[in-house]
Amino acid sequence: MTDPKWAGLQRETLAVRLAVERSQYGENSEALYLSSGYVQPSAEISARRFGGQEEGYTYGRSGNPTVTSFEQRLAALEGAQACLATASGMSAIMLMCFSLLKAGDHVIISQSMFGSTLKLIGSEFARFGVETSIVPQTDLAAWKTAIRPGVTRLLFAETPTNPLSEVCDIAALADLAHDAGALLAVDNCFATPALQRPIELGADIVMHSGTKYLDGQGRVLAGALCASEQMVTEKFLPVQKNSGMVLSPFNAWVVLKGLETLDLRMKAQSALTLELAQWLEAHPAVARVYYPGLASHPQHELAMKQMNGRGGAVLSFDVKAGNPEQARARAFHVLDSMRVLSLCTNLGDTKTLCAHPASTSHGKLSEAQRQAAGITQGLIRVAVGLEHPKDVQDDLARGLNTLDSL
Ligand SMILES: *Cc1c(COP(=O)(O)O)cnc(C)c1O
């Protein structure tokens with residue numbers, strides 16, 4: 001799919017250079033081709049394009065040059081043969097499951113996955129006869145036990161997870177999947193290819209919510225699937241063409257430009273997050289900090305090995321409290337005392353975003369389910385941006401230092 005002229009260039013170079021050919025105008029920044037249809041040079045060529053004997057754009061649901069530029073650039077960063085862009089992260093998961101599964105098939109996912117992922121695969125696909133086992137994220141033996149030989153088609157993992165940063169061993173899961181004749185897909189949203197490249201660790205498919213760090217500035221929704229050329233062209237592409245789960249060219253252009261600074265942002269935001277995690281861990285009002293970059297994290301070593309020595313840009317912490325009601329009041333006080341940081345459930349922005357998982361992303365669970373998942377009423381998630389660390393600490397200290405006034 002990709003022009004051989006890019007072969008041999010380093011990842012950093014490809015992140016700013018790899019795209020489709022410049023137009024006749026020689027634009028230096030990648031063109032935004034905002035067009036739903038394409039004029040065909042001749043009826044004969046048109047027929048060949050529609051027949052699949054010749055490459056060329058025909059209609060927006062089947063491809064667009066700006067979208068292709070994003071796909072080729074992300075594939076290069078992930079070390080994948082090919083990539084297909086989708087309208088959002090969830091549409092990428094929908095496309096993957098719809099393309100690979102049929103009634104009677106079995107899937108294994110972790111109980112700590114993104115909430116909509118759990119609902120889409122665990123509930124919606126159940127209506128079509130796809131069975132799902134939901135296992136503890138870090139318990140490799142549980143993943144293994146859940147495998148049904150000849151029936152399990154897909155293991156789908158997310159690492160690190162939201163909001164407690166649980167890490168799973170991608171290489172070990174890939175071995176488990178392949179021994180059972182199944183595929184391993186990894187949601188690489190939190191780490192991005194700047195820190196973690198699941199295909200190099202044995203995964204078959206990498207799924208992205210481009211909405212988060214690939215854009216990196218909180219502007220658009222986007223998604224993608226990276227895999228082998230064969231899987232993309234034979235499995236995903238035909239379903240996508242017919243179902244319309246495509247990325248708009250404008251959003252593709254935004255995330256394409258976002259990829260140019262991904263490496264720098266992930267390194268800088270990881271460093272700022274580690275600094276904040278260490279500061280929070282030493283704060284007397286904080287009971288516990290969840291961050292893979294901290295030595296206190298239960299999978300710290302695995303995370304450092306798997307994520308290029310960095311912990312990513314999301315941490316969570318528990319405010320000290322005597323009971324759930326007090327914990328909720330204290331967490332709300334910290335969030336409502338902020339003057340600089342945003343109270344916002346998104347992540348992957350240059351602006352630091354803080355959220356209260358127990359009343360938002362995990363608000364629909366019962367208190368018992370939340371307790372079992374470790375999502376306490378005192379838990380605050382921080383998706384660290386690019387502000388000066390002192391300003392971030394001061395903004396959180398405003399509430400943390402005045403909890404006794406409650
Ligand atoms: C946001 C998110 C998704 C869903 O992506 P959308 O672009 O919002 O559809 C999936 N997985 C993870 C880990 C996410 O954070």
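## Ligand site

A polar contact is taken here as a pair of N or O atoms within 3.5 Å; within protein, one atom must be able to donate a hydrogen and the other to accept it, and residues adjacent in sequence count only if both atoms are side-chain atoms. An oxygen atom of the ligand lies 2.8 Å from an N or O atom in the side chain of Ser 209, a polar side-chain atom of Asp 187 is 2.7 Å from a nitrogen atom of the ligand, and a polar backbone atom of Gly 89 is 2.8 Å from a ligand oxygen atom. With accessible areas from the Shrake-Rupley method and a 1.4 Å probe, where for residues only the protein chains shown count as cover, the ligand taken alone exposes 380 Å², of which the protein buries 93%.

The residues that surround the ligand, each with a heavy atom within 4 Å of it, are Ser 88, Gly 89, Met 90, Phe 114, Glu 158, Asp 187, Cys 189, Phe 190, Ser 209, Thr 211, Lys 212 and Ala 222.

## Basis of the description

The model is predicted, and local features need pLDDT of at least 70, side-chain atom pairs count only at pLDDT 80 or more, while totals for chains, interfaces and linings use all residues. Residues are numbered from 1 along each chain as its sequence is written, and side-chain values use heavy atoms, with hydrogens and water left out.

## Domains and the core between them

The domain assignment, whose bounds come from an automatic or database source, gives domain 1 (4–31 + 63–259) and domain 2 (264–405). Their C-alpha centres lie 26 Å apart, and 30 residues of domain 1 are in contact (heavy atoms within 4.5 Å) with 31 residues of domain 2.

A nonpolar core is a set of buried Ala, Val, Leu, Ile, Met, Phe, Trp, Tyr and Cys residues joined through side-chain atoms within 4.5 Å, where buried means under 20% relative accessible area, exposed over 50% and partly exposed in between (1.4 Å probe, protein chains only). The largest such core has 39 residues, and those with the most contacts inside it are Phe 70, Leu 74, Tyr 213, Leu 247, Leu 259 and Leu 262. Helices (H or I, at least four residues) and strands (E, at least two) are DSSP runs numbered from the N terminus; those giving two or more residues to this core are H3 (65–78), S1 (82–86), H8 (192–195), S7 (223–227), H10 (249–259), H11 (262–281) and H12 (300–306). Because domain 1 (4–31 + 63–259) and domain 2 (264–405) both give residues to this core, it lies between them. A second, separate core of 28 residues includes Ile 93, Leu 100, Ala 185 and Ala 227.

Helix H10 is largely enclosed by the rest of the structure, because 8 of its 11 residues are buried. These buried residues are Pro 249, Asn 251, Ala 252, Val 254, Val 255, Leu 256, Gly 258 and Leu 259, and what covers them includes helix H1 (11–17), H3 and H11.

Leaving aside neighbours within four places in sequence, Leu 259 is in contact with Ala 15, Phe 70, Arg 73, Leu 74, Leu 77 and Leu 214. Arg 73 itself is placed in helix H3 and, at 0% relative accessibility, counts as buried. Not counting residues up to four places away in sequence, Arg 73 touches Leu 14, Ala 15, Val 16, Arg 17, Leu 18, Ala 19, Glu 30, Leu 256, Leu 259 and Glu 260.

## Backbone features

The loop between strand S4 (152–158) and helix H7 (170–179) holds Pro 160, which is joined to Thr 159 by a cis peptide bond with omega about -5°. Pro 163 also has its place in the loop between S4 and H7, and the peptide bond from Asn 162 to Pro 163 is cis, with omega near 0°. Ser 165, likewise in the loop between S4 and H7, has a positive phi of about 55° although it is not a glycine, and at 2% relative accessibility Ser 165 counts as buried.

Thr 192, in helix H8, is not a glycine either, yet has a positive phi of about 65°; at 1% relative accessibility, Thr 192 counts as buried.

## Leu 118 in helix H5

Leu 118 lies in helix H5 (residues 115–124) and, at 21% relative accessibility, counts as partly exposed. Leu 118 touches Ile 109, Ser 110, Gln 111, Met 113, Ser 123 and Ile 134, not counting residues up to four places away in sequence.
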